[in-house]
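This briefing goes through selected local features of one protein model. Please read it alongside the sequence and the coordinates.

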Amino acid sequence: KNTEYTGELSAYQTGTGSPGAILLVNRPGAPLWIGATGHSNLEYQTAMRTNTPFRTGSITKIFIATAILQLREQNKLALEDALTEHLPQLAGKIPQAEHITLRQLLGHLSGITDPPNESMRYQLDLVNDPEGFGALNTEALLETYVYGKALNFNPGTAYRYSNTNYWLLGLVIEHLTQKSLQQALDQLIFSPLSLTQTWIEKRDDRNVARGYADFYGSGNLLDVSRWDRAEGDGKAAGGLISTAEDLMTFMAALFEGQLLPLAVVEEMKQVQFPGCNSPDCEYGLGLELWRTGAGMAYGHNGTLAGAEANLLYFPESRNIIVLF
């Protein structure tokens, strides 16, 4: 199997034109396999290592959803609570904020605009002034790109992925815990699982894998880490930095009932949009459903300008895959 995994990893790196890649395969009853290929930093020709930290993008959403459900277990919230019950300052700023529920935010049923994919202003501001953009906190992001914008649909009537939903859930976590998002996740998830290489706050990122993109199809890779850092670091929709083994540890703990009761994990796996009739809307509570040749998997993709990560759990085999 080792040569097979090594071959798959090399083929993946070549096929995607990526400067570097990491693959982790955790199969119960078999030794953990983790491999790395290529470079994490082209300027310094730093080899990609199996323990290189990387930006996980929207894999962050599984952690945020887990924290929200942990707070529900502590009787600090209910999923049917209205957004304004926990963030009353949003009344009048987001249409129907008093009718949008935490469940709808978790399952992308709120209808709230998604600036990263819907706002040209957001995209231009990020590219033209990443340092200034990165200095915006969540409230400033909402003020600049979300408040006053019409909903895409009435809450609960359709599915549409929106990063704003998780920015708002991050604010709910901070409000209920009276801690920063980093401190709250550290208390709820990172410390209990000893995830020593996982964080969400802005930190020195010199050891984090750089982000690269080939914008012109020329084969010339541009370092876009400034954009990835500005858009992600510190933010609840996609700011988590971690390693393959820390992500594996988290996923195993989640699906084995160490972070939440197994009945709640089952709840996370259920598609939230009642009218869903295609794979495009198969989204649970912070979990994407993946129909693969190896069976059903649950997890999340994370994509930034210069990086892509995938974290998947296969319940039938209890296999865990991490691919960066």
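The model is a predicted one. A search of the whole structure gives 1 disulfide, and the count of salt bridges comes to 15. A nonpolar surface patch of about 390 Å² is also present.

**Disulfide**

- Cys276 and Cys281 are joined by a disulfide, with an S to S distance of 2.1 Å.
- The torsion about the S-S bond of Cys276 and Cys281 is about 100°, so this disulfide is right-handed.
- Cys276 has a relative accessibility of 22% and counts as partly exposed, whereas Cys281, at 8%, counts as buried.
- The cut-off for buried is under 20% relative accessible area, and Cys276 at 22% is therefore classed as partly exposed.

**Salt bridges**

- Side chains of opposite charge can pair when their charged atoms come close.
- Glu201 and Arg203 meet through their side chains in a salt bridge, at 2.7 Å from N to O.
- Glu201 is partly exposed at 31% relative accessible area, and Arg203 is partly exposed at 34%.
- Glu266 and Lys269 form a salt bridge in which the closest N and O atoms are 2.9 Å apart.
- Both Glu266 and Lys269 belong to helix α13, which spans residues 262-269. The two are 3 residues apart, about one turn of the helix.
- Lys269 counts as buried at 11% relative accessibility, while Glu266 counts as partly exposed at 39%.
- Arg291 pairs with Glu282 in a salt bridge, the closest N and O atoms being 2.7 Å apart.
- In this pair, Glu282 is buried, with 12% relative accessibility, and Arg291 is exposed, with a relative accessible area of 58%.
- Elsewhere, salt bridges that share partners join Arg55, Asp205, Arg229 and Asp233 into one network.

**Nonpolar surface patch**

- Which residues make the nonpolar surface patch? The patch is made by Phe215, Tyr216 and Leu222.
- Phe215 sits in the loop between β5 (212-213) and β6 (222-223).
- The relative accessible area of Phe215 is 43%, which makes this residue partly exposed.
- Patch residues need over 30% relative accessible area, so Phe215 at 43% passes that cut-off.

- Gln45 is a residue other than glycine with a positive phi, near 55°.
- Gln45 is placed in the loop between β2 (33-41) and β3 (46-47).
- With a relative accessible area of 48%, Gln45 is partly exposed.
- Ser194, which is not a glycine, has a positive phi of about 55°.
- Ser194 is found in the loop between α10 (181-190) and β5.
- Is Ser194 buried or exposed? Ser194 is exposed, at 53% relative accessible area.
- The cut-off for exposed is over 50% relative accessible area. Gln45, at 48%, is therefore classed as partly exposed, and Ser194, at 53%, as exposed.

Technical notes:
Residues are numbered from 1 along each chain as its sequence is written. This is a predicted model: local features need pLDDT of at least 70, side-chain atom pairs count only at pLDDT 80 or more; totals for chains, interfaces and linings use all residues. Side-chain values use heavy atoms; hydrogens and water are left out. Patches are made of residues with over 30% relative accessible area and no salt bridge: like charges are joined within 9 Å, nonpolar side chains (Val, Leu, Ile, Met, Phe, Trp, Tyr) within 5 Å. Accessible areas come from the Shrake-Rupley method with a 1.4 Å probe; for residues, only the protein chains shown count as cover. A salt bridge is a side-chain nitrogen of Lys or Arg within 4 Å of a carboxyl oxygen of Asp or Glu. Helices (H or I, at least four residues) and strands (E, at least two) are DSSP runs, numbered from the N terminus. Buried means under 20% relative accessible area, exposed over 50%, partly exposed in between (1.4 Å probe, protein chains only). A disulfide is a pair of cysteine sulfur atoms within 2.5 Å.
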